[in-house]
Amino acid sequence: MVNLTINDIPVSAAEGTTILEAAASVNIEIPKLCYLKDINEISACRVCCVEVEGEGKLVPSCNNVVREGMVIHTNSPRVREARRTNVELILSQHDSQCATCTRSGTCQLQKVATDLGILTNPYPADLLRGKKAEWTTTFPLFRDPNKCIKCMRCVQVCDKIQALSVWNVSGSGSRTTIDVSENRFIKEADCSLCGQCITHCPTGALRERDDTAKAFAALADPDKITIVQIAPAVRTAWGEAFGMESGEATVGQIVSALRKMGANYVFDTTFSADLTIMEEGTELLARLKAGDLAAQPMFTSCCPGWVRFLKSQFPEMTGCLSTSKSPQQMFGAVIKTWLAYRLGVDPAKIYSISIMPCVAKKAECELPDMQSAGYGQDVDLVLTTRELARMVRAEHLEVPLLEESPFDSPLGDGSGAGVIFGATGGVMEAALRSAYFLVNGQNPPADAFRDVRARTSGEGSWREATFDLGGTAVRCAVTSGLGNARLLLNAINRGEVQYEFVEIMACPGGCAGGGGQPVDGSDREKAAPRGSVLYELDEQAQIRFSHENPAVQALYQEYLDAPCSEKAEHLLHCNHFAWEMPQNKKLR
């Protein structure tokens, strides 16, 4: 152990511990803007500098390790003066109109400036003008270059975690900034729209395209029948935007809030997650029987960020994707057909809104093959969890005081299997539960396939397990995060591993860690605790198997006949070759 003193407090820390970590171990906060442990440790912002006795210059605490006998001052007059100057310089190139920024209240730059008591800035504003400050307003991801503080977090997250390198440094000197790599426009890039750059940005430089005005307009339109669906992972995180713990605010309170906003019907996407399992499980068994999985596995297809990644980085493997639509898109197709008939409403008047933990869902609903019901887009509008929170605030609703309301009939609640769609490994586990039933005619123990939740290989790059389905060994792999996905696909292509069924989610931790989830400015990764909430809800559910969902059974009996029937194929399946990623178009 290394012994040192920080702010007159004796500290013992392991060798290799940074000054920042050592200070945190005794509850001393050192402000920072660019630092992300193991991802971005470049001390670019210089806000975390501290004074070390005997050193002539201030030392960045994020990437300097402790030494025996160090005496450190984290907030001396010299440190405060330097820190204040650094933040003032950053603010001179930052659009400080906080009142119109989605990150106001959770912006790390705002907090540091407030803590330093900066009321005026001696440095003149030096903001970008003209085309350099412009960004497309139609792409699901929006960037405001005048809010960028050049911290490099987005560059490093996209490179090290997601392995796409969409962002890079542009310009030089005082005009150095971050922009789309290779001098491309964002619409030309191979962006997966995972949104991890958004959730790791310390300011409001990156956000989702804001569609709340469209939602409010639809909810207020007397000629529209607004039907809203809520994804499983949203219920774990939406309360965080109001200072609550993960899972503290309930999905029943979301239903109440939406009804107060004017929604005509509110349903649970867990229903269509169960429906997805029925289609995908049946498809898996059919491919196994036909011998189609001897060389390459079937990939899950419910994550549009993952689908975009595969089609841009491994286009030759597009045919391995399950043709089953995502739960969002299945729901959209069902509500404008069967549900419209059951409710006795004109499907042409339905305006379908989904609330998702995801930015890529905004692009998914606009794909050409997502209009199966025959009334325009099956899903008309997608809102992220963050946008839902902004709408709740705009309505001046006190979340802790909201009473719980049930979902509307006839869809009601889904199964526990549908709920765990929001956690990494959940889709695989839910599919195997029902696939076992389809093969054996009886349910397995509900937790029989929990091994896909546990790490068993490769430094955490992916998880693997083998299960018996009617005498056939099915080798399964699960991973999340596109960097891990690239490692897995490369291993499959090299013949180093072989599987029949693979689940991949674009965001680390799955939808629970989605790019559309709330950001609290703490830099804490919350996918794991949010996922734990989903597994707890599964354990508490009265129904834990997708095939036992009575609404799903009624849909097949009354309308679809059977999983993967001709009608189900038309409504619930898609053609992944019907569209291309921009980079693939360019190569032609």
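**Entry 1: ground rules**

I count two strands as paired if DSSP finds at least two bridges between them. Helices (H or I, at least four residues) and strands (E, at least two) are DSSP runs, numbered from the N terminus. The model is a predicted one, so I note that local features need pLDDT of at least 70, side-chain atom pairs count only at pLDDT 80 or more, and totals for chains, interfaces and linings use all residues. Residues are numbered from 1 along each chain as its sequence is written, and side-chain values use heavy atoms, with hydrogens and water left out.

**Entry 2: the four-stranded sheet**

I looked up strand E13 (residues 350-356) and found that E13 and E14 pair in the parallel sense over four bridges. Isoleucine 353 sits opposite leucine 381 of E14. Both strands belong to an open sheet of four strands, ordered E11-E10-E13-E14 with parallel pairing. Strand E11 (265-268) and strand E14 (381-384) are at the edges with a single partner strand each, so one side of each has no neighbour in the sheet. On average, neighbouring strands are turned by 25° against each other, direction ignored. For such angles, axes are lines fitted to C-alpha atoms (for helices over the stretch in contact), and angles run from 0 to 180 degrees between N-to-C directions.

H8 touches strand E10 (225-230), E11 and E13, and its direction makes about 160° with that of E10. Helix H14 (residues 385-394) touches E13 and E14, with its direction at about 85° to that of E14.

Strand E1 (residues 2-6) came next. I use buried for under 20% relative accessible area, exposed for over 50%, and partly exposed for in between (1.4 Å probe, protein chains only). In a regular strand the side chains alternate between the two faces of the sheet.

I then followed the partners of E1. With strand E2 (residues 9-13), E1 pairs in the antiparallel sense over five bridges, and leucine 4 stands opposite valine 11 in E2. The two strands form a hairpin with two residues between them, and asparagine 7 in the turn has a positive phi of about 50°. With strand E5 (residues 71-73), E1 pairs in the parallel sense over two bridges; here threonine 5 faces valine 71 of E5.

How do H9 and H11 lie relative to each other? Helix H9 (residues 270-290) and helix H11 (residues 327-335) pack at about 105°, with their axes 8 Å apart. They are therefore roughly perpendicular, on a scale where under 35 degrees is roughly parallel, over 145 roughly antiparallel, 65 to 115 roughly perpendicular and the rest oblique. H9 contributes Phe271, Ser272, Ala273, Leu275, Thr276 and Glu279 to the contact, and H11 contributes Pro327, Met330, Phe331 and Val334.

I also opened helix H10 (residues 304-313), which is mostly covered, with nine of its ten residues buried. Among the buried ones are Trp306, Arg308 and Lys311.

**Entry 3: salt bridges**

Side chains of opposite charge can pair when their charged atoms come close. My cut-off for a salt bridge is a side-chain nitrogen of Lys or Arg within 4 Å of a carboxyl oxygen of Asp or Glu. The count comes to 35 salt bridges.

- Arginine 78 bridges to glutamate 51, with the closest N and O atoms 3.8 Å apart. Arginine 78 is in helix H2 (residues 77-92) and glutamate 51 in strand E3 (residues 49-52), so the pair ties together parts 27 residues apart in sequence. Arginine 78 is partly exposed at 35% relative accessible area.
- Aspartate 211 meets lysine 362 at 2.7 Å, N to O. The pair links distant parts of the chain, 151 residues apart. Aspartate 211 is buried at 2% relative accessibility, and lysine 362 is buried at 0%.
- Lysine 526 bridges to glutamate 240, with the closest N and O atoms 3.8 Å apart. These two are 286 residues apart in the chain. Lysine 526 is buried at 14% and glutamate 240 at 8%.

Last, I found a network of salt bridges that links Glu429, Arg433, Asp447, Arg453, Asp538 and Arg544.

Methods
Contact means heavy atoms within 4.5 Å.
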